[in-house]
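Work through the exercises below with the sequence and the model open. Try each task before reading its solution.

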Amino acid sequence: MTLTRARREPRWQGGQRAAAGVSLLLLASCLAACRLDMHIQPRFDPYAPTDLFNDGRSERPMVPGTVAHGHLRTDTLLYTGRINGVVADEFPFPITAADLERGRERFNVYCTPCHDYTGSGRGMVVQRGFQHPAPPSYHIDRLMKAPVGHFFEVMTNGYGAMYSYAARVSVEDRWRIAAYIRALQLSQHATLDDVPAPERGALAGKAP
Amino acid sequence: MAQIFHRSFNTIARVSIYGGLLLLGGLAYVSWVVEQSPLYTDAKLPLVQPIPFSHKHHTVDDGIDCRYCHTSVEKSAFAGLPSTETCMTCHSQLWTNAAMLEPVRASFLTGQSIAWTRVNALPDFVYFNHSIHIHKGIGCTTCHGQLGEMPITWKENTLYMRWCINCHKHPERYIRRREDVFKPIYDPPANQEELGRRLVKAYDVKTPTYLTSCETCHR
């Protein structure tokens, strides 16, 4: 993504330049910025374009074969969702209540537009026409039985009409979302017996 | 000795003194108005974009969270603009025939990124950071206006130094609960003063002395 370098110049264009010029001329006491040399410094802001390189990007792609600090991917379960090539049904790190909460938040940001808050697959964007194919409900038998590694893989690589979310959701967050999807699946099939005994009274008679 | 000046010069002198003062005051006022006006600050002026992107449709009508597109806003200085691929996660199926979206499809095919026109920009000698503001309960709409009502994006505030300082002196007037930060439309509650003071304490917001010292923003 490149941004045209608008910066502060718009203040000094056309009519504005005339207006600024007039007030400058008339007012010896002009306190407004008259010098722009510090406004635009010889450095690259994020996404700033450049003509230094042929592709016009100041952000340089990695030299092939290099590994950035902290990006060595030795943990195959964490990064691929597989153990010895088989889709795993376990998490690479223990899931705490905080992880589940983070998973809920990320799910609501990145997945609900299509999959809906409950995982029904009837999100707002689907209702506006994203239906060829529409996402499946998470509560169908096949996905209930799918190992957690499958959800990780879908997010990482995309799945059919669904694009990959790897660029926007970090590896750890993808596992947390997978955990939250599991929790959603369980919640849709919970019975009164799953509720802790002291809380059951509050629900009695309200279950559909 | 005869008087050098005719009596009428008394009036002329008075008129030129008071008139001069008035003229100066008037000019000062006019330049103040010009400096505040969109003519000079670009605030509230809709800009021409390669694609007429509507925050109103995408956030309020379709319920998409800011972070779906502005991914890095919580964790870095820069909020980030969505890549073409992010648009395509939906527009691979939606509005696929709309001429309006032709630049998106072209960009996706060629890999040439879409050149959005910058709406908000600070001079390079100012340090700004999104993540700290988000983390301390300053909502997007406080600085960027009600995005949920914008059919095309404009700059809501002047981004002048005194605008920053005004809030750094009185954060309690603007701070909101963290869960409300990303709301595309937000109006402060009636008890903002009281809520604000409570949140400033709860979120451990730094003192106005620290937040208004020059090296906070000019580093």
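**Exercise 1.** State how far apart the centres of domain 1 and domain 2 of chain B are.

Solution. Step 1: look up the bounds, which come from an automatic or database domain assignment. Chain B has domain 1 (8-36), domain 2 (55-81 + 119-217) and domain 3 (82-115). Step 2: take the centres over C-alpha atoms; those of domain 1 and domain 2 of chain B are separated by 41 Å.

This is a predicted model, in which local features need pLDDT of at least 70 and side-chain atom pairs count only at pLDDT 80 or more, while totals for chains, interfaces and linings use all residues. Residues are numbered from 1 along each chain as its sequence is written, chains are lettered from A and ligands numbered from 1 in the order in which they are written, and side-chain values use heavy atoms, leaving out hydrogens and water.

**Exercise 2.** Is Asp99(A) buried or exposed? Which residues does Asp99(A) contact, leaving aside neighbours within four places in sequence?

Solution. Step 1: find Asp99(A) in helix H3 (residues 97-110) of chain A; helices are DSSP runs (H or I, at least four residues), numbered from the N terminus. Step 2: Asp99(A) counts as buried because its relative accessibility is 12% (buried is under 20%, exposed over 50%, partly exposed in between, with a 1.4 Å probe and protein chains only). Step 3: beyond those neighbours, Asp99(A) is in contact with Phe93(A), Pro94(A) and Arg176(A) (contact means heavy atoms within 4.5 Å).

Conventions:
Helix = DSSP H or I, 4+ residues; strand = E, 2+ residues; numbered from the N terminus.
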